[in-house]
Amino acid sequence: MEDKDIGDLIIKAKEVCQNAYAPYSKFRVGCILLSESEKIYSGCNIENISFGLTICAERAAVSKAISIEGQKFRIKKVVIYTPTEAPITPCGACRQVLNEFGDDFEIISTCNSNLVVQKSIDELLPDSPNIKFKK
Ligand code: THU
């Protein structure tokens, strides 16, 4: 994938970040998933007054992707944007959920200052269970 294409995904992550519903934390997160089938899914965090019901941007994007592609959805790349000084990587719950839908894909995180952190899901979630179920 070319740098220009990554740049486009970053622009989209920044756009969807604007839609975050984060009145409690004021911490907005935007996530773009590029699927193996070259489709793009966006997600932002959605908070709730019952804090534990908050949905992270990454899992919001996965919900969209599965709703549209169903079982064939596989992640090729993840891009995360936060309007912060330093980039953030996905929380533990999101790492686990993302891992369900791909094999050693890259996660690119960026922010206000344009710093970029790129890590594979295997770096972020090492030694995850690899149980195969019959379809
Ligand atoms: N958040 C995400 O959307 N993704 C992450 O990976 C980390 C945290 C959201 C949840 C909550 O709305 C806000 O950021 C502060 O934790």
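Select the ligand and the residues around it: Ser 25, Phe 27, Val 29, Asn 45, Glu 47, Thr 54, Cys 56, Ala 57, Glu 58, Pro 90 and Cys 91 surround the ligand, a residue being near a molecule if one of its heavy atoms lies within 4 Å of it. This shell divides into six nonpolar, three polar and two charged residues. In that scheme Ala, Val, Leu, Ile, Met, Phe, Trp, Tyr, Cys and Pro count as nonpolar, Asp, Glu, Lys and Arg as charged, and the others, Gly among them, as polar.

The model is predicted: local features need pLDDT of at least 70, side-chain atom pairs count only at pLDDT 80 or more, and totals for chains, interfaces and linings use all residues. Residues are numbered from 1 along each chain as its sequence is written, and side-chain values use heavy atoms, with hydrogens and water left out.

A ligand oxygen atom lies 2.5 Å from an N or O atom in the side chain of Glu 47. For Glu 58, the distance from a ligand oxygen atom to a side-chain N or O atom is 2.8 Å. The protein covers 79% of the 370 Å² of accessible area that the ligand has on its own (Shrake-Rupley method, 1.4 Å probe; for residues, only the protein chains shown count as cover).

Next, select helix H3, residues 92-99. Helices (H or I, at least four residues) and strands (E, at least two) are DSSP runs, numbered from the N terminus. Which residues of H3 are buried? They are Cys 94, Arg 95, Leu 98 and Asn 99, where buried means under 20% relative accessible area, exposed over 50%, and partly exposed in between (1.4 Å probe, protein chains only). These residues are on the same side of H3 because they cover an arc of only 135 degrees around the axis, the arc being that of the directions from the helix axis to the C-beta atoms. An α-helix has 3.6 residues a turn, so residues three or four places apart point the same way.

Move to Tyr 41, in strand E2 (residues 40-44). Tyr 41 is buried, with a relative accessible area of 5%. Not counting residues up to four places away in sequence, Tyr 41 touches Cys 31, Ile 32, Leu 33, Ser 35, Ala 61, Lys 64, Ala 65, Ile 68, Glu 69 and Phe 73; contact means heavy atoms within 4.5 Å. The side chains of Tyr 41 and Glu 69 are joined by a polar contact of 2.7 Å. A polar contact is a pair of N or O atoms within 3.5 Å; within protein, one must be able to donate a hydrogen and the other to accept it, and residues adjacent in sequence count only if both atoms are side-chain atoms.

Select Glu 38 next, in the loop between E1 and E2. Is Glu 38 buried or partly exposed? With a relative accessible area of 46%, Glu 38 is partly exposed. Its side chain makes a polar contact of 2.3 Å with the side chain of Lys 76. Glu 38 and Ile 75 are 37 residues apart along the chain, and their C-alpha atoms are separated by 9.3 Å.

Now go to Val 79 in strand E3. Val 79 has a relative accessible area of 1% and is buried. Leaving aside neighbours within four places in sequence, Val 79 is in contact with Leu 9, Ile 10, Ala 13, Gly 30, Cys 31, Ile 32 and Ile 108. Between Val 79 and Ala 13, 66 residues apart along the chain, the C-alpha separation is 6.7 Å.

Two backbone angles come next. Most residues other than glycine have a negative phi, and most peptide bonds are trans. Lys 26, not a glycine, has a positive phi of about 60 degrees. Lys 26 lies in the loop between helix H1 (3-17) and E1 and is exposed, at 65% relative accessible area. Asp 104, also not a glycine, has a positive phi of about 40 degrees. Asp 104 lies in the loop between H3 and E4 and is partly exposed, at 42%.

Finish at Pro 129, in the segment after H4. Pro 129 counts as exposed, at 58% relative accessibility.
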